[in-house]
Amino acid sequence: MRFGQAIGGTAGLVLCANVVWAQQAGRHGHDDERTRYLRELVQQAQSAQAAGNHQGALDLALQVERFSVNPSILMFIAEEYQALYRPSESRDYAERCIQSVQTTRFALDDREAILQRCRELRSAGENGFGSVRVVLPEDAPTELRVFVAGRQVTREECREPRTAPVGEVEVEATAPGYLV
C-alpha cells in the first residue's frame, strides 16, 4: 500500500493509510491503539471526501495532522481547502507539502507524484480564483438559506465577496414555502 495513489491516470491523489505510515508510527513509539485510531481517521476522511463532504474530510484530516505530519496528509488537506474554495489555506498547505516532500527522509513511494500535485495546488491557490458576491433583497425571508458552491453562506457573509473558482459557480437559495 502507498500514501498517495494515482486515481484513473489523473493528477489527483488520495490519501491512503499504509505500511510506511504504520512503520513511522512504530518508530516513534506509538502504540497499536493510536495507530489504529489514526488509520480510522484517515479512512473516515477518505470516505467523507468520496461522498463530497469536503468540510468533514478536512476536519478529520486536520485531526490526523496533529499526530502525523507527512506529505500525503498535507496534500490531502490542501486538496480539501481547494475543494472548499479557500485558496490561501490550500496554497499554504501545498507549500508545506512541497517542503515536506523535499525534506522527508523515509521512503515515499509516490514522491514525484505528490510533489507535482502539491505544485499544482500551490499554483491554483495563486491563480485560479475569482469572487462571487450574493446580494439578498431587503424582503428576503428570514428562513432563507443560501449556498455557494455547496457551502452554506450566512446573511452576513452574503454582504462580502467570496472566493470562488474561475468559471461557473452554483448558487442556490431555499426557503420554506418557496419553489425553486
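What pattern does the protein follow when read along the sequence? The pattern is β-β-α-α-α-α-α-α-β-β-β-α-β-β, and in total the protein has 7 helices and 7 strands. The model is predicted, a point taken up again at the end.

**Overall features**

Of the 180 residues of the protein, 40% count as buried, and the accessible surface comes to about 10300 Å², of which carbon and sulfur atoms account for 47%. Among contacts between residues at least 6 apart in sequence, 58% join residues that are at least 24 apart.

**The nonpolar cores**

The largest nonpolar core has 27 residues, and those with the most contacts inside it are Ile-73, Met-75, Ile-77, Tyr-93, Cys-97, Ile-114 and Cys-118. At least two residues of this core come from each of helix 2 (32–50), helix 3 (54–67), helix 4 (71–83), helix 5 (87–103) and helix 6 (111–127), with helix 4 giving the largest share, 7 residues. A second, separate core has 10 residues, including Leu-144, Val-148, Cys-158 and Ala-164.

**The disulfide**

Which cysteines form a disulfide? The pair is Cys-97 and Cys-118, with their sulfur atoms 2.1 Å apart, and the count for the protein comes to 1 disulfide. With 75 degrees about the S-S bond, the link of Cys-97 and Cys-118 is right-handed. Cys-97 lies in helix 5 and Cys-118 in helix 6, so the pair ties together parts that are 21 residues apart in sequence. In general, a disulfide is a covalent bond between the sulfur atoms of two cysteines.

Leaving aside residues up to four places away in sequence, Cys-118 touches Met-75, Ala-94, Cys-97 and Ile-98. Gln-99, which has its place in helix 5, is 19 residues from Cys-118 in sequence and 9.8 Å from Cys-118 in space, C-alpha to C-alpha.

| Residue | Relative accessibility | Class |
|---|---|---|
| Cys-97 | 0% | buried |
| Cys-118 | 0% | buried |
| Cys-158 | 3% | buried |
| Gln-99 | 45% | partly exposed |

Why does Gln-99 count as partly exposed? Its relative accessibility is 45%, and this class covers values between the 20% under which a residue is buried and the 50% over which a residue is exposed.

**Confidence in the model**

The mean pLDDT of the protein is 78, and 76% of its residues reach 70 or more. Among the elements, helix 3 has the highest mean pLDDT, 94, whereas strand 1 (residues 4–6) has the lowest, 35. Over residues 1–26 the pLDDT is below 50, although this stretch has 66 contacts in the model beyond near neighbours in sequence. Where pLDDT is low, the predicted coordinates should not be read in detail.

Terms used
Residues numbered from 1 in each chain as written. Predicted model: local features only at pLDDT ≥ 70, side-chain atom pairs only at ≥ 80, totals over all residues. Heavy atoms only, no water. Core = buried A, V, L, I, M, F, W, Y, C linked by side-chain atoms within 4.5 Å. Buried < 20%, exposed > 50% of the residue type's maximum accessible area, 1.4 Å probe, protein only. Helix = DSSP H or I, 4+ residues; strand = E, 2+ residues; numbered from the N terminus. Contact = heavy atoms within 4.5 Å. Areas by Shrake-Rupley, 256 points an atom, 1.4 Å probe, with all protein chains shown as cover. Disulfide = S-S within 2.5 Å. pLDDT = per-residue confidence, 0-100.
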